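Please walk through this model with the sequence and the 3D view open.

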Amino acid sequence: MEIIILPLILSLLAAFTGSKINKTVWGLLSFVSLFAMVYMKQHYGIHNDGVWHNTFDVPWFSNGIHFTLGIDGLTGLMILLTNLLVPIIILSIQTDKQKSLIPLILFMQAALNGVFMAKDGLMFYIFWELALIPIYFICLLYSSKDAFKTTIKFFIYTFVGSLAMLASLIYLYLKTENHSFAYEELLSVQLNYTESIWVGAGFLFAFAVKIPIFPFHSWQANTYTNAPAQGSMLLSGIMLKMGLYGLLRWFMPMAGESIAFFQPIVIILAVIGIIYGAVIAIKQNDLKRLIAFSSLSHVGLIAAGFMTLSAVGIQGGVLQMFVHGINVVALFYIVEIIESHAGSRELSQLGGLAKFNRLFAALYLIVVLGTAAVPLTNGFPGELLLLKSVFDYNTITGVFAGLTIILCAVYMLRMYQFSMLGEGKASLNEIGLLKMIPLLILVALVIFIGVCPQVIIDQISPSIQKIMLEISNSKGVLS
Amino acid sequence: MLNIFQSLEISHYIYLSCVLFCIGLFGVLFRRNAIILLMCIELMLNAVNLLFAAFSEYMGDKDANGQMFVFFIMVVAAAEAAVGLAILVMVYRNTRKTDVSFLDSLKD
Amino acid sequence: MNSIALILGLPLVGFLINGIFGKNLPKSIVGWLGTFTVLASFVIALGVFNDLRHAAIPSEGLHLKLFTFLNIENFNVDFSFTLDRLSIMMTLIITGIGSLIHLYSIAYMHEDEGFYKFFAYLNFFIFNMLMLVLGANFLMLFFGWEGVGLCSYLLIGFWYKNAEYGKAARKAFIMNRIGDLGLLMGLFLIFHQYQSLDYSIVLPKMADGSTSQAMLTAISMCLFVGAMGKSAQIPLYTWLPDAMAGPTPVSALIHAATMVTAGVYLVVRCEALFYLSPITNNVIMWVGLATSIMAALIGLKQNDIKKVLAYSTVSQLGLMFVALGCGAYSAAMFHLATHAFFKALLFLGSGSVIHAMHHEQDIRQMGGLKSKMPITYITFLIGTLAITGFPFLSGFFSKDEILLAAFEHNKIVYILSVISATITGLYMFRMFFVTFHGTYRNHHHSFDKVHESPWQMSLPLMILAVLSVLGGLLNLPSYLGHNVSMKLSHWLAPILPMAESHSELSHNTEFMLVGLVVLLFVLVVLYTRNKYVSKNAVPEEDALTPSTGKVLANKFYIDELYDMVFVKPLELLSALVDNVVDSKLIGGLISGVSTLLVAISGLNKKIQNGNIEYYLTFMVLALALFLGFNLFF
Amino acid sequence: MGNISNLPIPFLVLSFITILCALYVVTSKNPVHSVLALILTFFSISAHYVLLNAQFLAIVNLMVYAGAIMVLFLFVLMLLNLSKDSEPVKSNLWGVAAAISAGLLLVIITASFQKTGIAIMQGNAPEIGLVKNLGRVLMTEYLVPFELSGILFIAAMVGAVLLGKRDGATVQEIMNLNNDTNNA
């Protein structure tokens, strides 16, 4: 609860004080949530035993609807990601002109924390939609071009998806014995095969749009490209993880009865998405567009890994969710710096920036390598586990998914080459050290997770085992 | 006066009201002069008023609830007439017409 | 402290210090720090080598487990290292030659603004290469494998302002990545089959014959794809000549002596696996042979001094793979070692020449340098003699061993290998004579300005020259007597349980074969000397060469072919998918939904004509409909 | 449905007049005639009220409807000079469509009521419709709606004034205008 209230209060404060207070101060203030998280862990004495502990539970407007929040390893990792990235996103703001950006981002933080902690179906849905509101305004107000067209496309897309999820949730609710939206109650509903396919399809549609899984991705590239960098960071760094998280926490246990039906479909679509995104990324000129398609490629692999239902795939996927959040935010951060200091983010306009700032070039390179999953950077362990799981599921899909490590190297190195290396026409203004600090933090994480991924695996594995148990319970109903 | 009701059924008033109401409705649909339209609406309202009064008699309750409603309908009718005619006057001032089929700006 | 940790850790420390603080340190400290960390590793490795010689169980080595890298269900991989007889050999080569090349670089790179960066990268490379050979499981190998690929990328593109170099660097990295994918798939198969990636568990299981032939073949083919990428075999060899864009010490260290031999190391490490899959063995042999001959042919017509050496490297690597395919693992390792000596020597020698010629690499612009650069001349001569198989130099023994193994295995392979070896002589002497003999031909720099290199450069040349001469002592052929011969084979024998090399050839046959090779060598020397020294011929311009020569000079148009078959279609596909599939098809599908909605609303719009009468009529009808529905149903 | 001949004569006569006048309202081409016919209709409806023991209602109906509202209509008619028949005639098709729609609704509504069954009226006490009783109910039970309708009236009044005033003219201007005319 604390980490929902805190950002909300900050958001209100930020909205009222306007631009009187420096954005850096807000960035630092928003770190408070991170400490609140640690406090919560101490306060509630949560053990990492896989159980989704309630931290807050009051009845809401009806008997079956509770305002329930809970924490376990998986949720913990996700809110860690959220509360870690939001301050960095705020610090990445370059101008003072976008006045309502900070309140909106902080509001978003509250909603995102809610999504990851909600233990009640309706709460989940409400937070899910709540998160859409600030990002809608961020995109609408500060998009570089075609603001309305892109934003409305994105909004309607995700909104239709959410409605499908709501339908599924309500169906499950009606099926519960004492009409409750509580997670455990929804989980205990036993559906027959047909029902479960429909319910699953509802969930899946919502999550597939958010992730996005091919072919539901057509909102993504334009939104990422046109949105302000902070919007792109929020979308790709955290919001996208909502879809993956939902897939793991809600879709797979709830529709376990039909998971055998969805498994090959999702995996094949995801693998198509992997190659599809990578192939498109190869020729992109706009840096943000390039990252958008690379993101499509990477999350496809995560979704595929989840759907293999193997411990390796799911844990690797969760690890990769965390890692992808860090990498993609770092990439957008870099693009934002390049755009504001070199005046363009078109590869054809850039080049030769490395000679202006060696430190920046080095950090950029490490992030690029992390994204390209070079060993000892954070991209590698997750990708290794995911590829292994997909490979074990089916050799052919494994090989196709594996092409990502080649294609990713192709487009990431191209991106680095044409922006930083060569003679180049562009020049880079002086970058303040303060602006480098967030990037330094991210890069430190890139290397730390790359060397010791087990630290994170230890955090999540009890919860993952529990979720896998729930999936197999749910699956076992039919057999 | 009571004796006449010995043979009078509620249905007769219902039929009468219905006929009046539908005549009013026909007028609304058929006529194009906005003033006539408003008058037809008054006619329809009166049909309803009549029915309220009849039901008040029919129920035989001691509170005259039916008659109360007639008052309120009258209030609304009066207000409606006032505003409606004001709008009409303004429309006429701008367009020199009171023909409703001419007023089709709802299209856009 | 554990010696493995020291061997690995020192270059890492060097990398970190140079990488982080190098910018503010004086050049001398940076250079000597880089050199000494590697040298210290070498010294420690020597100590370990001594320990291993006296170890009780010859197949055992040292172990070091740092921490658990990943542990999910049964997927358990440790960050652990092992140092056995095979890896100590690789370690000695890497750190030994590595420290020489570091020393050399102090002088060679002295003028460069990225001096500290260069040393940081070099140290990082040494660290990764050591991780590759010291890793105790396949994943550690993969770490090093990708790590050296990364360093190779960084160092090829070291002069990052040149876009062409950047392109070459990317080409190298991506081609390596293709191989890496194969290796990764192999890793998955290995884990699938054996539920582990540790050498100590997997290798014995491979050897015990319980694995099906198909699985062995699949695994070995996957690993070989990885080896192809790293060791520049057909079809993934084209990156290596382009990699010469990097500074010359890099070419010597990474692209001649160490990294490119990682593929050989991998095959030798999984000796049991490869030994038991004859199909893969044959593939390896023929691929190696084809690579060897093709690269040698291309080398005949190259005029860039480093390109010649690059193709020579590819050719020699091909020869090593021929040996592996024939099952002569120790012969391959022997050639790996001697090749590391003389190829590093040649590259450093060429670097010395390039340094003297102010970064001129075209041999047509050189000539007559022997008087100006005596040390370089002599050491380069020794290197050339060693690689071409001058009797009793290192290359002579190692190449002969491979040829003998080929003779034993398959006569055709033998003949083709001899041809390849002969061509090696042709292009090496061509280059040597054109560079050092004849008359000086450069008109941009005066001959007087050509100078001998400083001692930091000539010292490594001399040491490597000595090694190139004496390298043969490692593994003298058995006909020279049992006491002195086959030391390397015996050393490696505990690591290679399957392939017990037992020569069935009589010494007479061996002598005859060796004699043949020596004869060919003499003919080659006479021919090239006649052509390039006596007649003072200079290679023609590319455009003037006759058609066959043109094909060779253009490297069989393989780059163009790849460009046409892979690069262009991929780019086309990318454009197609982006512009047609994504925007028109998928985007069209989505906007189709909205278009449909708009069409429906267009229909509705006709009803909504703004006329109240219509609305009223519809309202009344609808009311009647609802009431009627209520009435009748 | 009871036999028509059994019905009391006053009811029959009044109903006849009501319907006739109502028909004239919708069919007359001259708006002024329509207004007059509507007033007649209201009178007959008031008579019905008297029959139904709603004496006060009958009076109010006359005063509010026949008196106030219809006079307002007449004023507007005169103001806009619409007394002569200026209305464009609609096509017959419209007449048919309107008649069918209205007729259909009539049939259906009556059919609906048919289902509810027939009952003799119980009849109220005569004093129920008197002003004393009505006033008491209005001020106690229906106090809130009563006050609300007052608000509604004010709103309507303000609305009508706003709509009626000339475009663009502020209240001040209108008052100035009035002053001018007064002075003159």
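Which residue takes a positive phi in the hairpin of β1(C) and β2(C)? E73(C) does, with a phi near 45 degrees, and the hairpin has two residues between its strands.

This is a predicted model, in which local features need pLDDT of at least 70, side-chain atom pairs count only at pLDDT 80 or more, and totals for chains, interfaces and linings use all residues. Residues are numbered from 1 along each chain as its sequence is written, while chains are lettered from A and ligands numbered from 1 in the order in which they are written.

Helices (H or I, at least four residues) and strands (E, at least two) are DSSP runs, numbered from the N terminus. Two strands pair if DSSP finds at least two bridges between them. A residue is buried if 20 or more other C-beta atoms lie within 10 Å of its own, exposed if 12 or fewer, and partly exposed in between; C-beta atoms are placed from the backbone.

In chain C, β1 (residues 62-72) runs antiparallel to β2(C), and nine bridges join them. L70(C) stands opposite V77(C) in β2(C). Strand β2 (residues 75-83) of chain C has eight of its nine residues buried, so it is largely enclosed by the rest of the structure.

Chain A has a hairpin too, with two residues joining β1(A) to β2(A). Strand β1 (residues 53-62) of chain A pairs with β2(A) in the antiparallel sense, over seven bridges. F56(A) has L69(A) in β2(A) as its bridge partner. Strand β2 (residues 65-71) of chain A is mostly covered, with five of seven residues buried.

**Chain C as a whole**

Chain C holds 24 helices and two strands. Its C-alpha trace spans about 115 × 65 × 55 Å along the principal axes. Of its 633 residues, 55% are buried. An automatic or database domain assignment sets the domain bounds. Chain C is divided into domain 1 (277-540) and domain 2 (560-632). The C-alpha centres of these two domains lie 70 Å apart.

**Between the chains**

Two residues are in contact if their C-beta atoms, placed from the backbone, lie within 7 Å. Four pairs of chains touch, and chains B and D have the most contacts among them. Chain B gives 62 residues to that contact and chain D gives 75 residues. On the chain B side, α1 (10-30), α2 (34-59) and α3 (65-95) each give two or more residues. The largest share, 18 residues, comes from α3(B). That side has 44 nonpolar, ten polar and eight charged residues. Ala, Val, Leu, Ile, Met, Phe, Trp, Tyr, Cys and Pro count as nonpolar, Asp, Glu, Lys and Arg as charged, and the others, Gly among them, as polar.

| Pair | Nearest C-alpha atoms |
|---|---|
| Chain A and chain B | 22 Å apart |
| Chain A and chain D | 30 Å apart |

**Nonpolar cores**

A nonpolar core is a set of buried Ala, Val, Leu, Ile, Met, Phe, Trp, Tyr and Cys residues joined through C-beta atoms within 7 Å. The largest has 405 residues; among those touching the most other members are A131(A), A303(A) and A332(C). Helix α15 (residues 311-342) of chain A provides the largest share of this core, 19 residues. Leaving aside neighbours within four places in sequence, A332(C) is in contact with V264(C), V268(C), M320(C), A323(C) and L324(C). A second, separate core of 80 residues includes A34(B), M44(B), A77(B) and V137(D).
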